Amino acid sequence: MSSKSVVEIQKLNPRGYGNLWTFHYLLGIDILDVRQDIVSISVKVTLVAMTFLCLFMAPALAAVLCGTIYFKTSDLLRLFHEDIERIRIVGLNYNVLSKLSLNYNSLYELVHEVERELSLTTFLLLCSQWFNLNTVLLSYILGEITSISQVAGIITELISAITFIVGVILCASRISSQVSRVQTTLQLIYNKSGTLKYNHISLRCVKNMMDIKFPEMTAYGILQLNPALIASPFSSALTYGLLVLNINRS
């Protein structure tokens, strides 16, 4: 290295950043560009992470949370149905019925709480996943998929959206199914008790439980969460996709 180049380096590096700065200078790389590259890469990684969080992690966590609460609630109703079925087989006992009646009232309050707290979250989750599902299907129908990476992304979005939608709806509909089983067993107990000489207080306890009407699980009161709801987004996406495809061809 000539004495002139050393002097130029010393002038450009008055604070003496050391050999690392000199190495970058000799390679023709400005250390400010390196710092800017690090910042830009960090920003890109942060944006990618936030995008992944918004598009996948947040819906996944919401789906797992809602599905778990729906399933646990329905499981409590299943256990209650087993107790009522045991009463139907063994026979009426007022002391047992009074305890079961209190439990039934608690389950009624619990189901109301679940419906009120999760209704809006479930509605937003289903809307977002239906939107993603329709977008993916329309993109496929219109032939906008050209690379392997796009195909892999579409498969991932399809699997995640279908899993979230089907899982939440099936877990929520299980509550209504268990309530229907309980009501059916109570009706059988009441019908059987009408032909036998049971205590009127026990019959009234059974009748009071029969009169309790549990709320249906809904998505913000707009959509009723039952298995029939699962097929609606697929049929609508295919219908509008074929319509758009025919319009483009014409």
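Buried, on this tour, means under 20% relative accessible area, with exposed over 50% and partly exposed in between (1.4 Å probe, protein chains only). Before you click: the model is predicted, so local features need pLDDT of at least 70 and side-chain atom pairs count only at pLDDT 80 or more, while totals for chains, interfaces and linings use all residues. Residues are numbered from 1 along each chain as its sequence is written, and side-chain values use heavy atoms, with hydrogens and water left out.

**Stop one: Thr122.** Select Thr122, in helix H4 (residues 94-141); helices here are DSSP runs (H or I, at least four residues; strands are E, at least two), numbered from the N terminus. Thr122 counts as buried because its relative accessibility is 0%. Now show its contacts (heavy atoms within 4.5 Å): leaving aside residues up to four places away in sequence, Thr122 touches Cys66, Tyr70, Val168 and Leu225.

**Stop three: the rings.** Next, colour the aromatics. Rings of Phe, Tyr and Trp (its six-membered ring) pair if their centres lie within 6.5 Å; planes under 30 degrees apart count as stacked, over 60 as edge-to-face and the rest as tilted. That rule gives 5 aromatic pairs. Zoom in on Phe80 and Tyr104, a stacked pair at 4.9 Å centre to centre with 15° between the planes. This pair links distant parts of the chain, 24 residues apart: Phe80 sits in helix H3 (residues 31-90) and Tyr104 in helix H4. Both Phe80 and Tyr104 are buried.

**Stop four: the core.** Which residues have the most contacts inside the largest nonpolar core? Among them are Tyr70, Phe80, Tyr104, Phe214 and Leu225, in a core of 47 residues. Such a core is a set of buried Ala, Val, Leu, Ile, Met, Phe, Trp, Tyr and Cys residues joined through side-chain atoms within 4.5 Å. H4 gives the most to this core, 13 residues.
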